[in-house]
Amino acid sequence: MTIRRFLRFLPVVPSILLLLLFLLAPVAWSFYASFTDAALSGKAARDPQWVGADNYVRMFSENSFPLAAWLTVVFVVASAVIGQNVLGLLIALLMTRSRNAVSALVGTAVVAAWVLPEIVAAFAAYAYFNRDGTLNQVVGLLGGQGLDWLYSFPLVAIILANTWRGTAFSMLVYRAALAEVPRDIAEAALMDGARGWQRLAFITLPLIRSSIATNLMLITLQTLAVFTLIWVMTAGGPAGASTTLPVLAYQEAFKFGDIGYGTAVASVLILLGMVFGAVYVRLLREQRP
Amino acid sequence: MEGATAGGRSRFRAKLGADIALAVIGICFLAPLLWLLLAAVDPQAGYQTKVPSAPSLANFSAVLTPELLFQPLANSFLLSAGTAAVNLIAAVLAAYPLSRYQSRFNKPFMYTVLFGTSLPVTAIMVPVYGLFVQLQMLDSMAATIFFMATTTLPMAIWMTKNFMDSVPLELEEAAWMDGASAMAALRRIVLPLMRQGLGVVFIFVFIQAWGNFFVPFILLLSPGKQPAAVSIFSFFGQHGAIAYGQLAAFSILYSVPVLVLYALVSRGMGNSFALSGAMKG
């Protein structure tokens, strides 16, 4: 490459520096610190010692990590892969054959939960699932017995809340995808009865399968990283019943001051994100004409 | 359209069914927001959703104080505008050569950047905290802005490049003929033509930063620097006695700017979502 051609690409440098300093460096530091006993305070804060794989061994000797990993899987599968994905697709399909005014209004309602700042959405969800909250009031009106959702079924409440908060993204993706499906095919596929379902399964879904794949990757990555919603609604409790990996990493590092162990948990999450990210980038490359 | 034919009738019925199903879903999505709206105007609000017996704006006037609302909102604005500005400058600079010059590094670079969007930010917060301690950047507004800008930078570069690709190259070639440098052409010809796209990117990043809770929660320590997302949490979320109505009023005041901004660009944003790497590559 000649100097002249090199100079042309000079404007990319600020972005590269930012990405190196604030994304790559923390990731590298995370993997390094996870092999030390770094702490928030005390001797290990000033002079962390190399402890080898101790933190990773500890992960599997304590119950908190396997439990958090399992809860994370349940949370991601239930609220993103099933909840947001299926509901988003369903809403988008219904929109293709409902009146414009109805679909615009409902679209706004779905998007509102998504556009609100996450802390406000989290407060609203907390109030909704509260013992005295709206959900129990509705249950009461229907003659049922209210439950203390956040205490008895914290993960269920969080899964529902995250589905509520995130479905808009899948809905927008699928609306765009369905808009590109030739109209007569979409209509035919949605017409009455079992035959409609068959056409949906054999015609419409195969036509939008690349959108489904990319959407699944993106919402999985987003849901893997959810922290605020869980922190406000249950703070990971009671007794770790809603502690997913991001919450566990936060608690270990900041509540118990164990940066080494916290970064080990974070490193596992980062690795997970990298695997999903690599699959996502591959998907997009294959899709390109 | 809906004639008296059998086909028309069944289509009408199908339409009605879809309308009803959608309406039910819409109501379920609105239900959690109902409390927010009603409690905000109810001085005696609890976690119950009820029509206030004596509705008033008392909750709003209670939170309209400098330390409770204005300072945190000013901090939010500073953080978000700073993040969006840093983001936009870096993204425009990076997008220009990537959009205008062919190189075998372009594609790998764009895909590496895209890969960067995949890192779960919450997972990076523990190491970022460690990094900020080492570099003595903790509690620094500027450092927080640069970090927040970086987390949204990959998406911003993709969006900006896609917007820039749609500005025809011929327009600049004329300017180059007249002796203008690349940067001058960028400033005088390309940027004015993609004003709308730049606005979308700016607002997109601004909205994300405005709603961000976790990053400033970890990186900003002094109460005087915390944005509304964090101050609302430390005021209402951690204390025993909660003024529910004030919490709701505060939440609404804090949400209004992003709702307005989103409404402003929702069309362009939907477009750019479709355009950006996120969906089509």
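Author: **Rings that meet**

Let's start with B:Phe202, which is partly exposed at 27% relative accessibility (buried is under 20% relative accessible area, exposed over 50%, and partly exposed in between, with a 1.4 Å probe and protein chains only). B:Phe206, by contrast, is buried, at 7%. Helices here are DSSP runs of H or I with at least four residues, and strands are runs of E with at least two, numbered from the N terminus.

Before going on, note that this model is predicted: local features need pLDDT of at least 70 and side-chain atom pairs pLDDT 80 or more, while totals for chains, interfaces and linings use all residues. Residues are numbered from 1 along each chain as its sequence is written, chains are lettered from A and ligands numbered from 1 in the order written, and side-chain values use heavy atoms, without hydrogens or water.

Searching the whole structure gives 30 aromatic pairs over all chains (rings of Phe, Tyr and the six-membered ring of Trp pair with centres within 6.5 Å; planes under 30 degrees apart are stacked, over 60 edge-to-face, and the rest tilted). One of them joins A:Trp114 and A:Phe169, a tilted pair with 6.3 Å between centres and 50 degrees between planes. A:Trp114 belongs to helix α6 (residues 100-115) and A:Phe169 to helix α10 (residues 154-180), both of chain A, so this pair ties together parts 55 residues apart in sequence. A:Trp114 is partly exposed, with 21% relative accessibility, whereas A:Phe169 is buried at 6%. Back in chain B, the ring centres of B:Phe202 and B:Phe206 are 6.3 Å apart with planes at 25 degrees, so that pair is stacked.

Ring pairs can also chain up. A cluster of this kind takes in residues of both chains, including A:Phe227, A:Trp231, A:Tyr250, B:Tyr129 and B:Phe233.

For the surroundings, look at helix α2 of chain A. Its 21 residues reach 28 Å from first C-alpha to last, close to the 30 Å expected at 1.5 Å a residue (1.5 Å times one less than the number of residues).
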